[in-house]
Amino acid sequence: PVMNCVAEQFVNNIKRDCLSHCVFFSEDALRKVINLYLEYYHKYRPNRKYGGGFIMPDEQNDDFIGEIKKKTIIPGLLATYIRA
């Protein structure tokens, strides 16, 4: 059967980046981590299509001036860096 390659890529990404590193004791914890990963996936992950930049860049950070700060997406797993 023909599969959806975009869906398969997303499932592989979330398993590799997130779910394979965690042990969940409740459904709520799993849902919280998945929602945080979705925010990262749709806004902050680097993408070749955008020259290695964010998918949804913050217009305030386009001037390339300012202190760079770490923004934690999922504590201990995913983080990104933005200009303050």
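Colleague: Which pattern does the protein follow, read along the sequence?

Modeller: This is a predicted model. Along the sequence, the pattern is α-α-β-β, and the protein has two helices and two strands.

Colleague: What share of the residues is buried?

Modeller: Of the 84 residues in the protein, 18% are buried.

Colleague: Let us turn to helix 2. How far apart are its end C-alpha atoms?

Modeller: They are 25 Å apart. Helix 2 covers residues 27–44, and at 1.5 Å a residue its 18 residues should span 26 Å, so the two values agree.

Colleague: And which residues of helix 2 are buried?

Modeller: They are Val33, Tyr37, Tyr40, Tyr41 and Tyr44. Viewed down the axis of helix 2, these buried residues fall within an arc of 125 degrees, so they line one face of the helix.

Colleague: Why do residues three or four places apart in an α-helix point the same way?

Modeller: An α-helix has 3.6 residues a turn, so residues with that spacing point the same way.

Colleague: What does the face turned away from the buried side of helix 2 carry?

Modeller: That face carries the exposed residues Asp28 and Lys32.

Colleague: What do the buried residues of helix 2 pack against?

Modeller: They pack against helix 1 (5–17), and also against strand 1 (68–74) and strand 2 (78–83).

Colleague: How do helix 1 and helix 2 pack; what is the angle?

Modeller: The angle is about 115 degrees, and the axes of helix 1 and helix 2 are 11 Å apart. Helix 1 passes helix 2 in a right-handed crossing.

Colleague: Which residues meet there?

Modeller: From helix 1, Phe10, Asn13, Ile14 and Asp17 take part, and they meet Ile34, Tyr37, Leu38 and Tyr41 of helix 2. In this contact of helix 1 with helix 2, six residues are nonpolar, one is polar and one is charged.

Colleague: Take Asn13 in helix 1. Is Asn13 buried or exposed?

Modeller: Asn13 counts as buried, because its relative accessibility is 11% and the cut-off for buried is under 20%.

Colleague: Leaving aside neighbours within four places in sequence, which residues is Asn13 in contact with?

Modeller: With those neighbours left aside, Asn13 is in contact with Cys18, Tyr37 and Tyr41. Tyr37 and Tyr41 are also among the buried residues of helix 2.

Colleague: One last topic, the whole protein. Of the contacts with a separation of 6 or more, what share comes from residues 24 or more positions apart?

Modeller: Such residues account for 32% of those contacts.

Conventions:
Residues numbered from 1 in each chain as written. Predicted model: local features only at pLDDT ≥ 70, side-chain atom pairs only at ≥ 80, totals over all residues. Heavy atoms only, no water. Helix = DSSP H or I, 4+ residues; strand = E, 2+ residues; numbered from the N terminus. Expected span 1.5 Å × (residues − 1). Buried < 20%, exposed > 50% of the residue type's maximum accessible area, 1.4 Å probe, protein only. Arc of directions from axis to C-beta. Contact = heavy atoms within 4.5 Å. Axes fitted to C-alpha atoms, helices over the stretch in contact; angles between N-to-C directions. Left-handed = near helix turned anticlockwise from the far one by under 90°. Nonpolar A, V, L, I, M, F, W, Y, C, P; charged D, E, K, R; others polar.
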